[in-house]
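Visitor: Could you pick one part of this structure, look at it closely with me, and then show me how the rest is arranged around it? I am new to this, so please go step by step.

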Amino acid sequence: MTSLAAFAADLAAGRIRVVDLTQTLSPDFPTIVLPPQFGQCAPFRMEQISRYDADGPGWYWNNITVGEHTGTHFDAPVHWVTGKDLPNNTTDTLPAQNLVAPACVIDCSAEAADNGDYLLTVPVLEAWEAAHGRIPAGAWILFRTDWSKRSGAAYANMRDDGAHTPGPDPHAVRWMVGRGALGFGVETIGTDAGQAHLMDPMYPAHSMMHGAGRYGLQCLCNLDQLPPTGAIVIAPPLKIQGGSGSPLRVLALVPA
Amino acid sequence: MIRHGYEGVVLAAPVTIPYQRHSIHGAAWWIGRALAEALRAAGLRPADIDGFCCSSFSLGADTAVGLTQHFGLSPRWLDHIPMGGACGVVALRRAARAVQAGDADIVACVAGDTSTPDSFRQQLQSFSRFATDATWPYGGGGPNASFALLTDAYMRAYGATREDFGRICVAQRQNALAFPHALMKRPLDLAHYLAARPVADPIALFDCVMPCAGAEAFLVMREETARALSLPAAHLRGAIERHHAFPDDPIQLRGGWAMDRDELYAMAATTPAGIDLLQTYDDYPVIVMMQFEDLGFCAKGEAPAFVRAHDLTAAGSFPHNSSGGQLSVGQAGAAGGYLGLVEAIRQLTGQAIGAVVPGARTALVSGFGMINYDRGLCSAAAILAAP
Amino acid sequence: MTAKLPPPAPANPLAVPRAPLLPPTTRSRAALGLASAAAERRFALQVCAACAAVQYPPREVCLACLGHHLPWRDVPREGRVLATTTIRISADPYFRTRTPWRIGTVRLACGPVVVAHLHGDVAPGASVRMTLRLDKSGQGVMLAMPAEDSANMQDDPQLREMTCDPRGRRVLVTDGRSAAGQAIAAALQAAGAREVFLGVAEPWRPLPGRDRLAGSAVDLDCTDEDSVRRCAASLGGRVEILVNTALHVRPGGISAGTSMATARAEMECAYFGPLRLARHFGPALRARAADGTHPACAWVGLASVYGLAANPAFGGFSAAQAAALSLLQSLRAELRPIRVLRVLTGPVDDEWHQANPPPKVSPAALAAAVVGALRDGLEQVAVGDVAQDFLARFRDNPDTLARELAG
């Protein structure tokens, strides 16, 4: 029996469980807010084409509008200026082999629960490795904060000086790049912390991860259903020509 | 230049087609019936008339022109008079000159309209451009509201009371009780008049005419033509018309008759005292009072006292609207402008079909029409004499 | 004297509401000048260019000299009542359900005699101030007002058929995030609105001024069909005035200076947003336009004068505002008897007009203009010196204005 056949058997028998890491695409889900002088990401919108009516008596369908970075979405390296000249840096050219990969889940939910400005640091990552082993190259590092259990204003957590949501500090990003991480995934609207514009470099997760050809996943949920290691993440973005990212369905395979 | 008189012009074959509140027939049906009846009364065939004059509000796009083909007529003289309550006298004036000059030998003058449950409203909302723009949108009261305003102004100016107007209506109802074609045949007394449902203050139900379907007709010809046909005929002694008189009056308290009445009486070589029967245009009693004044039967502002001092019934001291007028017979659209004229011909030629005015030898018929905006624009009057 | 109108009584849910009928709509083309004047609180009649005779009813040629150039000019409002009547039976369905209805004949000091609607406080023979009003058909009509103001004169039932007084009515202001929306909400509340709802999009974002909002915030994002549908489902049957205050202003031209995304956002805000509002709120608003003592009565749209003639420095925004004005024009015809009021503004005193020199329109000025225009039942108000100047130039010659704007 090949390993795929065993996989199929495990899947059929329920020995492998599929966990949906995706938020529902809806107009009400917060999108990233840039300062108003910049262009803005389109929120999700849906308009009916027909619903068993004069515009289509036997069928129902909609037109939808989204930005590439709306809802649960994937960031390709080309998204950031640091990754603009890398090979295979767009949604249509990045290697398909990378779209299925193991995941390491760093659980900081306790620390982030009451602290929107919580930062993921190198000591935290090192402590995780001490407990769970070295993070292999080519794995997603998923940052669990349970932020996805919040909604609305608490989720966006915006104040007059911008969003206050957890993220990595620049050292942690450099460390993750050094480990050969495939990408960095978070439950919040951005891979960077809400106040990352104050860091050096600004927006380190975007700047350094994409500059190194790595990916990002945002607005994930159900990370609390994943083991620290051992999960496989399936995260293929839409094959948009020259795309910088896309909304997507993110699934994780975990041992039952 | 001295106006020519109407010597030798006569009116014959007075016809009323009995009115109906509503009709399933078109206006041409009513006009055609009246024409046929006038020809029958005169013993003529359609080809025997060479002039045709018509008035109607409900012919749609048609005029007298279309009716020639509809009725199979080939007249050498044709007219269409869209003058509402003045159309009878004006038609007579036009026809009289035609037969005098020999442009025509016999002119059939006909007015008629049909009526459906919604036709009155439809007619009002597009009655005239000024009405569409500047009166109909102000409460949709139509002529009731327009005459209410004139009545209010008249009452304020001259102290007329509702009782005074009531006397006119009550007397006409008395006359109508004997007239076979009147739609309103229930006796009316002053108490009933005063207690009636208000319509547009100070106008109440019995001040208003009832719109209906009907038609009226008469023939105009030279005296010798009538004699050759052995037709009883009334003579035309004088006639006037005036349009948009006294434009500087801020509100209408008088009509155009006041401008031309001296000429009218001079042509007829008579005076108000010489009139045995008066047929006024009576769509509301206030306009009757103005005609009493402007035609010289009393001074301006004295009509209220005049009606208190006279018995207006057919056999009374001042016979007026002997068939009951539009107030009791009904208003068949443009035929309302013919009603008094046709009745006067009947009275003067001994052909009355209702109340008889004893010794009626000279009658004055007046017309009033077209509340284009805030006032009636057309006024006309004619004096007729018995053969 | 007019009695004070009590607040609306609870509606009887089983009673069939009064239908939103229209008074007579047909007019000659010349008579439409009355509506144009009434729309802006003016009292204007045709005045002969040749002999200065004042005309009424509106004409094609002069009643005094047959001159054919009869421009509309503001004329004195004084008049005297010559006759009055109270119509108790009307042949027109609209008036039939509103009798008794009082009208009168009024002699204007400037000459003509007019048949006019009468305010209840106008006595026979009285001196009056003539006004031109828009009736429920949106047509210009004469209404004689008493010479002196009285306490509750705004509550006269005939006057109320021609006005949209917010007192006692419930109002939805669509953009509770904007300073203008918040100021308008506060002014409507101060004017006695029974309830003010403020639409707030993206409730997860901070709302500046949330702690001092006049009225209650409701979820409403005009760029989202579903949001508008949900809001209409919850509020559609209980607002009488809808005020769309959304303006998305960004500097930038057509060929450069504005991204497609910004251009699209401007069009979303100016056109598609009101389109969604119209589809989801319009029919219910219209259906309730004659219901009860405080029926639904008005749709207010805030728009820039740049919609009349484009300012190239705001090229994308101007194009979107032209669409906004076009939408309001069609909506006005569709929603009758609901009054569609367009509030034309020049540059608002906000962060997007920093480069514009004063005077700029303050949110408070916009709010005062909206309340005043509703009270008088207007269809158009230009707020502030810039908008009024712009409108005067536009009316004088749109082509010249376009060239002035091109610089």
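Guide: Gladly! One definition first: a helix here is a DSSP run of H or I with at least four residues, and helices are numbered from the N terminus. Please also keep in mind that this is a predicted model.

You can follow the buried residues along the helix: B:Pro285, B:Val286, B:Ile287, B:Val288, B:Met289, B:Met290, B:Gln291, B:Phe292, B:Glu293 and B:Asp294.

Strand β10 leads us on to a sheet. In chain B, an open sheet of nine strands has the order β3-β2-β4-β7-β1-β8-β11-β10-β9, with mixed pairing, so β10 sits between β11 and β9 in that order. At the edges stand β3 (77-80) and β9 (277-279), each with a single partner strand, so one side of each is left without a neighbour in the sheet. On average, neighbouring strands here are turned by 20 degrees against each other, ignoring direction.

Strands like these are held together in a simple way: strands of a sheet pair through backbone hydrogen bonds, either parallel or antiparallel. For one example in this sheet, take β1 (residues 9-20) and β8 (residues 233-243) of chain B, which run antiparallel and are joined by three bridges. B:Val10 has B:His235 in β8(B) as its bridge partner. Another helix of chain B, α1 (residues 27-42), lies across β1, β2 (51-55), β4 (106-113) and β7 (213-222), and runs at about 40 degrees to β7(B).

Leaving aside residues up to four places away in sequence, B:Val107 touches B:Gly51, B:Phe52, B:Cys53, B:Trp77, B:Ala95, B:Ala98, B:Val99, B:Leu219 and B:Val220.

How do the chains meet? Two pairs of chains are in contact, and of these, chains B and C share the most contacts. Chains A and B, on the other hand, do not touch, and their nearest C-alpha atoms are 37 Å apart.

Where B and C meet, 30 residues of chain C are in contact with 30 residues of chain B. On the chain C side, the elements giving two or more residues are β4 (78-87), β5 (101-108) and β6 (113-118), with β4(C) providing the largest share, six residues. That side of chain C divides into 16 nonpolar, nine polar and five charged residues.

Strand β4(C) is worth a glance too, as eight of its ten residues are buried. With β5(C) it pairs in the antiparallel sense over eight bridges, and C:Val81 stands opposite C:Val106 in β5(C). Three bridges also join β4(C) to β7 (residues 127-134) of chain C, again antiparallel, with C:Gly79 and C:Val128 as bridge partners.

One last stop in chain C is a pair of helices. The axes of α9 (residues 384-396) and α10 (residues 398-406) come within 5 Å and cross at roughly 130 degrees, and these two helices are therefore oblique to each other. The contact is made by C:Arg393, C:Phe394 and C:Asp396 of α9(C) with C:Pro398, C:Thr400, C:Leu401 and C:Glu404 of α10(C). Three of these residues are nonpolar, one is polar and three are charged.

Technical notes. Residues numbered from 1 in each chain as written. Chains lettered and ligands numbered in written order. Predicted model: local features only at pLDDT ≥ 70, side-chain atom pairs only at ≥ 80, totals over all residues. Axes fitted to C-alpha atoms, helices over the stretch in contact; angles between N-to-C directions. Parallel < 35°, antiparallel > 145°, perpendicular 65-115°, else oblique. Contact = placed C-beta atoms within 7 Å. Nonpolar A, V, L, I, M, F, W, Y, C, P; charged D, E, K, R; others polar. Buried ≥ 20, exposed ≤ 12 C-beta atoms within 10 Å, placed from the backbone. Pairing = 2+ DSSP bridges.
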